[in-house]
Amino acid sequence: MNTSPHVRRFAELRLTDRPTVGGKGASLGELTFAGAPVPPGYVVTTTAFDAFLGALDPDGEIRTAIEALDSEDTEAITRVVTPVRERIEAAELPEEVAAAIRGHYRDLDSESDTPGEPAPVAVRSSATSEDAEDASFAGLQDTYLWVRGEDALVENVRRCWASLYSVESVSYRRRLGLPEHDLAMAVVVQRMIDPRCAGVMFTRSPLTGDRSVVALEASWGLGSALVSGDVTPDKYVVGKVTGDICSRTVSAKLRQHRMDPSGSGVLEEDVPEYLRDEPCLSDEEIHELVTLGRQVESHYGAPQDIEWAISRNLAPGHNIYLLQSRPETVWASREKAPTASPKARAFDHVLSLLGGAGSGPGGSTK
């Protein structure tokens, strides 16, 4: 087995490893520890990122330049980050980092279901500040699906690192005032399954915040079609206590993402006509997903936003996988935030609404 500070397997990880493997990596390790059905994989750690960035920018000029940016000045952000991304995507990895990434991929490849063919993997960014309860970086960094071969893997790891410096990601970090010198990027490398359908599961209602239900969304093929908004998914709402399916909406699902027949990359295509109005999930699959969702929520002690997939090649009862879990942030943040900042007097609350926050009738703070 390969051992290196630059790479760690899911089975070695817990949530406490977030500083070195990022939000996604730590969550996948925690899910694996909890016994959830997670496809195998490993994480290219922040140690690898720091070694790479240290070789590329030994004086730390990139991070200093980004910390000086105004979050509202999109033109300046674009001007600074564009050459940074280009440099990262073109640079060679330090030899020990590249060797660790390739070596662990060969270990994963040796477990491939199709001997003689490189194992297909998902390559996902995992920033150290993402998927936390007080910030959601979902969608701000890159993910690459159905990547095959060592060279393609290394290329896509670089592209994930570069996505840390997208205009959207940098603008978001500047708005939050996050320090660049404490920020790093890990990268998840995870065996892909060929899904019949995939989707997301919220262990509280994303519409009302109701914690007594689980909400499911599902579409044919890869979940990337749903996440990117290319398809209107089926939707289900299930009671946690009774298991009753309270609501069921089967949509016309016109588009799907699936493995490219060439064996590498993702193909976007129309859903066959006979499947468009068919439900993605059976009642048995819905209940199995809800059971898993409740177990994950119980393990974390908080409502979760979970990505899942159902393999087209495995038997029922053994074909559901969890691909990611993050804390639900929208309703959690609403529950934490006070309706108004505390004031010394009730009258001050009225003034704050009128634009005179905290001032008395004479304009002085009382």
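Author: Helix 1 and helix 9 (residues 283-300) pack with their axes 11 Å apart and at an angle of about 110°. Helices here are DSSP runs of H or I with at least four residues, numbered from the N terminus; axes are lines fitted to C-alpha atoms over the stretch in contact, and angles run from 0 to 180 degrees between N-to-C directions. Helix 1 and helix 9 are therefore roughly perpendicular, a label for angles of 65 to 115 degrees. Helix 1 contributes S27, E30, L31 and F33 to the contact, and helix 9 contributes V296, H299 and Y300, where contact means heavy atoms within 4.5 Å. By type, the residues of this contact are 4 nonpolar, 2 polar and 1 charged (Ala, Val, Leu, Ile, Met, Phe, Trp, Tyr, Cys and Pro are nonpolar; Asp, Glu, Lys and Arg are charged; the others, Gly among them, are polar).

The model is predicted: local features need pLDDT of at least 70 and side-chain atom pairs pLDDT 80 or more, while totals for chains, interfaces and linings use all residues. Residues are numbered from 1 along each chain as its sequence is written, and side-chain values use heavy atoms, without hydrogens and water.

R18 lies in helix 1, which spans residues 18-33. R18 is partly exposed because its relative accessibility is 23% (buried is under 20%, exposed over 50%, partly exposed in between, with a 1.4 Å probe and protein chains only).

As for the cysteines, the whole structure has 0 disulfides, a disulfide being a pair of cysteine sulfur atoms within 2.5 Å. The closest cysteine sulfur to that of C280 is in C197, 5.1 Å away and so too far for a bond. C280 is buried at 2% relative accessible area, whereas C246 is exposed at 54% relative accessibility.

Conventions:
Helix = DSSP H or I, 4+ residues; strand = E, 2+ residues; numbered from the N terminus. Parallel < 35°, antiparallel > 145°, perpendicular 65-115°, else oblique.
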